[in-house]
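Please read the points below with the structure open beside you.

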Amino acid sequence: MSPRPSYADLEKRIHVLEQIASEYENLKKELSGISTFNEDVVKAMSDGLVLTDIQGTVTFVNPGFVAMLGYRPEEIIGRLWLDIISLDHYDMVQEAERRRAEGKTDRYEMVLQHKSGEELPVLIDASPRFDKQTGEFVGTLGFVTDITQHKHTESALKENALRYQLLFEQSPIGVFHFDNDGTIIDCNDNFVNIIGSSRKALVGLNMLTLPDKKLVKELQQALKGHTGLYEGVYCSITAEKSTPVKVYVSPLLDKEGKSFGCVGIVEDITYQKQAEEAVRKNAAMHSKMVANIGDVIVIIDRDGINRYKSPNIEKWFGWKPEEVVGEVTWKNVHPDDLYTTQQFFADIIQKPGSSGTIECRYRCSDGTYKWIEFTGTNLLHDPDIQGLLGNYKDISDRKKADAEKENLQTQLIQAQKMESVGRLAGGVAHDFNNMLTVILGYAQAAMDQADPSGPVHKNLQEVLTAARRSADLTRQLLTFARKQIIAPKVLDLNATVESMLSMLRRLIGEDIDLVWQPGTGLGTVKADPSQIDQILVNLCVNAKDAIADVGKITIETGAASFGQAYCHDHPGVSPGDFVMLAVKDDGCGMDRHVLANLFEPFFTTKDVGEGTGLGLATVYGIVQQNKGFLTVDSTPEQGSTFMVYLPRHMAAKASPDPSPHLQAPAATGHETILVVEDEPAILRMTCMMLERLEYDVLSAGSPDAALALAKNHNKNIHLLLTDVVMPQMNGRDLAEELKNLHPDVKFLFMSGYAADVISLQNVGDKGAGFIQKPFSKNELADKVRKTLESVREKEVQERPKKEKAALPGGDEHILLVDDEKPIVQLESQILERLGYTITAFTDSLEAVAAFQADPERVDLVITDMAMPHMTGAKLAGEMIAIRSDIPIIMCTGFSDRISEETAKYAGIKHLLMKPVVMSDLACAVRKVLDEAKRQKIKDIMEHDR
């Protein structure tokens, strides 16, 4: 038993209990105040507050909940919570109540039934309630928030989001979104298509790492808050595509103005750029056309003021457009043409749409005048023109050509006259040479038999001298007619002249001073030395005869070059480098009449018996034959200067002059020679010479007789000596026929008129020789011996190669065109033997028609140049127009009509000069066909790429 407390202890306990009671009362008061405050707060809440018991029955609702659902408190309290919720949420609410019994809280959305029957979307925050004494679950405390407006806002946001997504995805332009680091976070399909890549490759790509620095700079500007614009050709790094684009980039800012990335809009401007380029090209083309067209385009207003001049006015007349625009157009018209020009203008402006043409002289910026043809149309009524629209065409050349036409006509008549005289002179020389051959031959034969000390020998010597002088005269005729056979060499003109000075001094006599003024740096010329001698002798003799008593003749050499301008003003002169030989005298000179007839044969101012009139004609013929020209400067009583220009020859050095030698005895031989000559006297004389030279001689008076003789001759015939011009067959054709009978035979041609019938170059290739009529026994002996002993060095060297290398062939189809039937037959045989298929035409029009019918069937065209109906160049143009890739070979014997350069320009692949050698034709055909195949393969490969 515990001891009884003392009074003091009881007093202390009472005091403690009093303090506790006092504190309890104070606490009770505070709790009462808190309860009153809480009740006021609950009443003032706009949101709803609901208390339910453990069975889910509503035990308390605040005014906010009552106002929210439209019920009175008594209509809600005592009802089950499930009675006022949507049936769709029963299961969810029951599950929530179960979790609350476990002490868990919930937040969920649900729909309550308004008293009116409408559904009310709300947000529930539910918490469990427990007994403070026992801790048992006694019900639920729920806060109810009306989220109707929130749902409306959310729905609007969803609609906006959907609208934005549709706009984003279906926008006709590319759209992309990148964050503050520059990384693409989204893009639409059009952006992917424009870039030519894929969404997978683009989303996540950091655009600040792109190689295009200009685009990166604009992106950085957008990230700094500024709008950026990029325009250019974007080269994608995720796909092999380059696209002209225009890119707009703008920053994306939140409500506080902070950036959360950027949006970009990309526009494919390919078509825009193409259109701009087309417009630019069209404008440039128009500008260039106007600037480069041959005519100057002008607009002149009603008052005659220049309103427009195309830029090419500076090219044609030297004026800049701004120098003449605004000026009166009559200012630059020649005074002599002013009246007619103004009258033309006054007439044409009277009627709208009327046109007309006038010629006048127009002043250039340098003060000179050019002839123009002005064609104008009255477009004063046209609002775009409001003036006279026309063009200036420079016709100065045409006017100059008209002025020169009469002069050229005179020159043509003179040239035709000279050509006619030349043909006559050549024909006379031919017949005369035949007679001189007989005279010289028999005279020399008679001299060999006559006593050298007797009178007969002396008389025969005079006959020979006269015959040789006559032969010199025929040579002059042939030189004038350009029919003389020459042996050109590369010459130093100064050395050639110097070798003649002594003889020239003796020729002109002691009363006349001969001055030699050699030029330097001449180069060389290619000419027959004897012809240079003839030029010097004839010019010096002509100068001597022009000097009455004492005087001076100057021989001078020099170098000269002539361009296109000089040649244009001097017909007959070709541009290039020349060596000049001048002979100047201080004699009587010549008047215009003499100068006009100076080079005509047989024209002379000398008395009868003092001259033949062939000296200067001979000089003219020599110069023309050597492709040169000559000029004459002469004034009565002031002397004359003849200047001969010969083409400079590009050779390292001149050919050495042959050293003088004594005449050797006539060479003899034992070979068999067939002599063919239609002149019986020449035939007998020639055979007699050869027999005396110990040759075995066969003679024939015609080609047919010669061939018959050759067929029946069992032994070898070593040499054919034949005239060139004969009835039935010329000498060259006879040589070809004889070659078939005696393959090793060699040829020696004789004629006094051979240049038009035989080409020494081609004959030389076949081991042939030539002897000019008339000839002596020694000359004949020398030529025969040299021809017999000659070695066809080129043929010997090339024969092994030809025997080893077969000609190239093929199986392609060739279209052959030539108006000469024998040529067509020959070339067809050659090409068919090489395996080609040939379609041949002698008519160019038929050839074009056949080609047009089936152009792909033909692999190659071979055409002649000179043909009726159309030239080969024209035919080539027609066929190339039908099929641009058709290869064409041109054959021609006229090198001055077409060149390698002009042929290439016309689309011709190869140029062959006639006569065409079989090997050259075969190689050219194969080369052109192979090149065409290679080009076709190359074109196919480039097309596939």
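1. Helices (H or I, at least four residues) and strands (E, at least two) are DSSP runs, numbered from the N terminus. The model is a predicted one, in which local features need pLDDT of at least 70 and side-chain atom pairs count only at pLDDT 80 or more, while totals for chains, interfaces and linings use all residues. Residues are numbered from 1 along each chain as its sequence is written, and side-chain values use heavy atoms, with hydrogens and water left out.

2. An open sheet is built from five strands in the order E24-E23-E25-E26-E27, with parallel pairing, where two strands pair if DSSP finds at least two bridges between them. Strand E24 (696–700) and strand E27 (768–772) are at the edges and have a single partner strand each, so one side of each is left without a neighbour in the sheet. From one strand to the next, the twist averages 20°.

3. Strand E23 (residues 672–676) is joined to E24 by five bridges, and the two run parallel; Thr-672, for instance, has Asp-696 in E24 as its bridge partner.

4. Helix H22 (residues 731–741) lies across E23, strand E25 (719–723) and strand E26 (746–751), and runs at about 155° to E25. Here axes are lines fitted to C-alpha atoms, for helices over the stretch in contact, and angles run from 0 to 180 degrees between N-to-C directions; contact means heavy atoms within 4.5 Å. Helix H24 (residues 777–789) lies across E23, E25, E26 and E27, at about 150° to E26.

5. Leaving aside residues up to four places away in sequence, Thr-341 touches Trp-330, Val-333, Ile-358 and Cys-360.

6. A search of the whole structure finds zero disulfides, a disulfide being a pair of cysteine sulfur atoms within 2.5 Å. Cys-187 is buried at 1% relative accessibility, whereas Cys-923 is partly exposed at 43%.

7. The structure holds 28 salt bridges, each a side-chain nitrogen of Lys or Arg within 4 Å of a carboxyl oxygen of Asp or Glu. In one of them, Asp-189 and Arg-199 have their closest N and O atoms 2.7 Å apart. Asp-189 lies in helix H6 (residues 189–195) and Arg-199 in helix H7 (residues 199–202), so the pair ties together parts that are ten residues apart in sequence.

Notes
Buried means under 20% relative accessible area, exposed over 50%, partly exposed in between (1.4 Å probe, protein chains only).
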